[in-house]
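Colleague: I have not looked at this structure before, and I would like to learn how to read it feature by feature. Could you take me through it slowly?

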Amino acid sequence: MLNATEITKLKKLLTKEDERLPIVFNALSDQKRCLIFRSFLKQEKLCVSDIAKTLGISMSLASQHLKILEITGLLTRERQGRIIYFRPKVSDELVRTIIKAVA
């Protein structure tokens, strides 16, 4: 059993970030979204058509998956002219941790 000091230390480790974990893991539990996220380990940025062609899915389905990954905070979008590129949100410590874990 843990003593009072160990319990206090454990409580400090459990942060607000941990509240995001179920949401992030739920997003990555879908096989296509997990593949999309892992695609960014090889390419710095990708657009919807890149994802659709790579995974053999429609552009609308690729767009839906990317939107979910963006909403959960795993990806960020950047417009370059008429094209919107997605990239991992590496400014987020949780995203960096996940990238290290799946790399």
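Modeller: Let us begin with a single residue, bearing in mind that this is a predicted model. Relative accessibility under 20% counts as buried, and His65, at 7% relative accessibility, is therefore a buried residue.

Colleague: In which helix is His65 found, and with which residues is His65 in contact, leaving aside its neighbours within four places in sequence?

Modeller: His65 is found in helix α5. Once the neighbours within four places in sequence are left aside, the contacts of His65 are with Asp30, Lys32, Arg33, Ile36 and Ile57.

Colleague: How do α3 and α5 pack, and at what angle?

Modeller: The axes of α3 and α5 are 10 Å apart, and the two helices pack at an angle of about 70°. Since angles of 65 to 115 degrees count as roughly perpendicular, α3 is therefore roughly perpendicular to α5. On the α3 side the contact is made by Lys32, Arg33, Ile36 and Phe37, and on the α5 side by His65, Leu66, Ile68 and Leu69.

Colleague: At what angle do the axes of α4 and α5 cross?

Modeller: Helix α4, residues 48–55, and helix α5, residues 59–71, have axes that come within 8 Å and cross at roughly 115°. These two helices are therefore also roughly perpendicular to each other, and the crossing in which α4 passes α5 is right-handed. From α4 the contact draws on Val48, Ser49, Ile51 and Ala52, while α5 contributes Met59, Ala62, Ser63 and Leu66. The residues in the contact of α4 with α5 divide into 6 nonpolar and 2 polar, with no charged residue.

Colleague: Why do residues three or four places apart point the same way in an α-helix?

Modeller: An α-helix has 3.6 residues a turn, so residues at that spacing point the same way. Take helix α2, residues 21–28, in which Val24, Ala27 and Leu28 are buried. Viewed down the axis of α2, these buried residues fall within an arc of 95°, so they line one face of the helix. The face turned away from the buried side of α2 carries Pro22 and Asn26, which are exposed. Among the elements that cover the buried residues of α2 are α3, α5 and α6.

Colleague: Which residues are buried in α3, and what covers them?

Modeller: In α3 the buried residues are Arg33, Ile36, Phe37 and Ser39. Seen down the axis of α3, they fall within an arc of 155°, so these residues too line one face of their helix. The cover over the buried residues of α3 includes α2, β1, α4, α5, β2 and α6.

Colleague: Where does Lys89 lie, and how far apart in space are Ala4 and Lys89?

Modeller: Lys89 lies in the loop between β3 and α6, and at 34% relative accessibility Lys89 counts as partly exposed. Ala4 is found in helix α1, residues 4–13, and counts as exposed at 57% relative accessibility. From C-alpha to C-alpha, Ala4 and Lys89 are 37 Å apart in space, with a separation of 85 residues in sequence. Lys89 and Lys11, which are 78 residues apart in sequence, are 27 Å apart in space, again C-alpha to C-alpha. Leaving aside its neighbours within four places in sequence, Lys89 is in contact with Gly73, Leu74, Leu75, Thr76 and Val95.

Key. Residues numbered from 1 in each chain as written. Predicted model: local features only at pLDDT ≥ 70, side-chain atom pairs only at ≥ 80, totals over all residues. Heavy atoms only, no water. Axes fitted to C-alpha atoms, helices over the stretch in contact; angles between N-to-C directions. Helix = DSSP H or I, 4+ residues; strand = E, 2+ residues; numbered from the N terminus. Parallel < 35°, antiparallel > 145°, perpendicular 65-115°, else oblique. Left-handed = near helix turned anticlockwise from the far one by under 90°. Contact = heavy atoms within 4.5 Å. Nonpolar A, V, L, I, M, F, W, Y, C, P; charged D, E, K, R; others polar. Buried < 20%, exposed > 50% of the residue type's maximum accessible area, 1.4 Å probe, protein only. Arc of directions from axis to C-beta.
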